[in-house]
Amino acid sequence: MQDVWAGLREINREHMAFLWEMRSSGGVEALDSDDRRILRAMEAHEELHPLWDRLEFVRPDSGEVLIGGVNPVFHIMLDAVVANQVAVPDPPEARTALQALQEAGFSRARAVHIIAGLFTEHMWEVFHHRKPFDRVAYTTRLRLLGGLARQAGQARWRANSFGEDTRRPRVRLPGRNDPCPCGSGLKFKKCCGRFSVPALRPESGLLVLEGGSPYVTAAYLPTAEQGDVPLLLHNMSAVAAALAGDLGDPQGALHAYRRMLQVAEGVKDDARRNGFIEKVLEEIVTFCFEHPAFATEGAEAARRRAMLQGDGLPDDRWAWELDEAELRALAGQAKEAEAIFRRVAAEAPHDFEVNHRWAHWLAQQGREEEARAVWLGLLASGGLTPDEQEIARAHLRELRQREP
């Protein structure tokens, strides 16, 4: 069973790569209804577009595409399965639950996610515990979910009548002796209470991927929507990190970072836009230091980040300018790198961090005498802390040890 399941994972990934290629080539009309449903689910997840663009290039060691513990291929397949259940409808409880969730204030996409999460719990029993699919339990829990959503929708309507915040449902779980939310008229303990209660919280249905740089916090999620820029960047950062790491596609990671920059640049508010751009540029710089093949692009990102610093703290601007210099050096642009180092060092002749990086770079180039002069100049300035003095002396000792 495990080998067969691993094979299905690979087939799904390859098939989805094919569907995404058909989208690019204009061949969607040739697809059958099931494939078009899968493709619509893929298109609905903008944060995953960089992954779909690179599916044919990813080579996960395990054979499974994972991002922060989530398999996005399965996620899409389950979305498509639930969309089909709603369309048929089979079971009819799926359509009823989806409608109730939308009336409670959830978007259609999030409502599908909530139902898909419920469906996944039952499929887990099939694939991992080799049990038959329990249709009775699934449909019962769908009815319960729909009942809870209707309660949330009613609370939302009442809040709207009083001019209160209606963006998120507030669900009170039934007591054992309360009427069952599914509407059967029985007590909860005698009806749906026999099964675990599906979760329905303000953040339910949100896809939140981990593994990249955080753009959102847990406290933010109850007020978030899937297409919000912070959550979009958060998830795309996780996609980029996975592509750079376990998925073995650093070129794809850079593609994801470029897409993140486009998203950040599209924000209307100046302050928010600049804040997002700065954070994405910082990710690109870090990535390019770890993958020197892309050092030139990293240098441009560092240069832009330094410019965004503007008239702020000079220490921060110098740090980004020196990042550019080091990335220029990694890209084989030694003259450009040295020009930046000299300019920043002249602007900050007694700054420890600036001259530390300048001297370190000179030593790496085999220019020990020049590096020694920088360290001696710092010590002579009299402006170093005791710790900084010890660091400078340690580097001078190291340079002496290199002498023939």
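This is a predicted model: local features need pLDDT of at least 70, side-chain atom pairs count only at pLDDT 80 or more; totals for chains, interfaces and linings use all residues.
**Salt bridges and a loop: a short tour**

Arg 305 counts as buried, because its relative accessibility is 7%.

Which residue does the side chain of Arg 305 meet in a salt bridge? The partner is Glu 278, with 3.8 Å from N to O. Arg 305 sits in helix α11 and Glu 278 in helix α10, residues 270-290, so this pair ties together parts that lie 27 residues apart in sequence. Is Glu 278 buried or partly exposed? Glu 278 is partly exposed, with a relative accessible area of 21%, and the cut-off for buried is under 20%.

As background, side chains of opposite charge can pair when their charged atoms come close. How many salt bridges does the structure hold? The number is 29. I will show two others.

One of them joins Arg 328 to Glu 324, and here the closest N and O atoms are 3.1 Å apart. These two residues are in helix α12, residues 314-330, and because they are 4 residues apart there, about one helical turn separates them. Both Arg 328 and Glu 324 are buried.

The other joins the side chains of Arg 397 and Glu 390, at 3.0 Å from N to O. Arg 397 counts as partly exposed, at 37% relative accessibility. Glu 390 is partly exposed too, with a relative accessible area of 40%. Going back to Arg 328 and Glu 324, they belong to a network with Glu 300 and Arg 303, joined by salt bridges that share partners.

Helix α11 covers residues 295-309, and Gln 309 is in it. Gln 309 is buried, with a relative accessible area of 17%. Which residues does Gln 309 touch, not counting those up to four places away in sequence? They are Asp 316, Arg 317 and Trp 320.

Now to the loop between α7 and α8. Helix α7 is 135-161 and helix α8 is 229-244, and Lys 189 is found in the loop between them. At 30% relative accessibility, Lys 189 counts as partly exposed. On the surface, Lys 189 gathers with Arg 176, Lys 187 and Lys 190 in a patch of positive charge.

Asn 177 lies in the loop between α7 and α8 as well. Its relative accessibility is 47%, so Asn 177 counts as partly exposed. Asn 177 touches Lys 187 and Lys 189, leaving out residues up to four places away in sequence.

Ser 204 is another residue of the loop between α7 and α8. Ser 204 counts as buried, at 9% relative accessibility. Leaving aside its neighbours within four places in sequence, Ser 204 is in contact with Phe 106, Arg 110, Ile 114 and Ala 199.

The last stop is Gly 211, which lies in that loop between α7 and α8. Is Gly 211 buried or exposed? Gly 211 is exposed, with a relative accessible area of 57%. Residues up to four places away in sequence aside, Gly 211 touches Ala 238 and Ala 241. From the C-alpha atom of Gly 211 to that of His 356 the separation is 32 Å, and the two residues are 145 residues apart along the chain.

Key. Residues are numbered from 1 along each chain as its sequence is written. Side-chain values use heavy atoms; hydrogens and water are left out. Patches are made of residues with over 30% relative accessible area and no salt bridge: like charges are joined within 9 Å, nonpolar side chains (Val, Leu, Ile, Met, Phe, Trp, Tyr) within 5 Å. Accessible areas come from the Shrake-Rupley method with a 1.4 Å probe; for residues, only the protein chains shown count as cover. A salt bridge is a side-chain nitrogen of Lys or Arg within 4 Å of a carboxyl oxygen of Asp or Glu. Lys and Arg count as positive and Asp and Glu as negative; His and the chain ends are not counted. The place of a charge is taken as NZ of Lys, CZ of Arg, CG of Asp or CD of Glu. Buried means under 20% relative accessible area, exposed over 50%, partly exposed in between (1.4 Å probe, protein chains only). Contact means heavy atoms within 4.5 Å.
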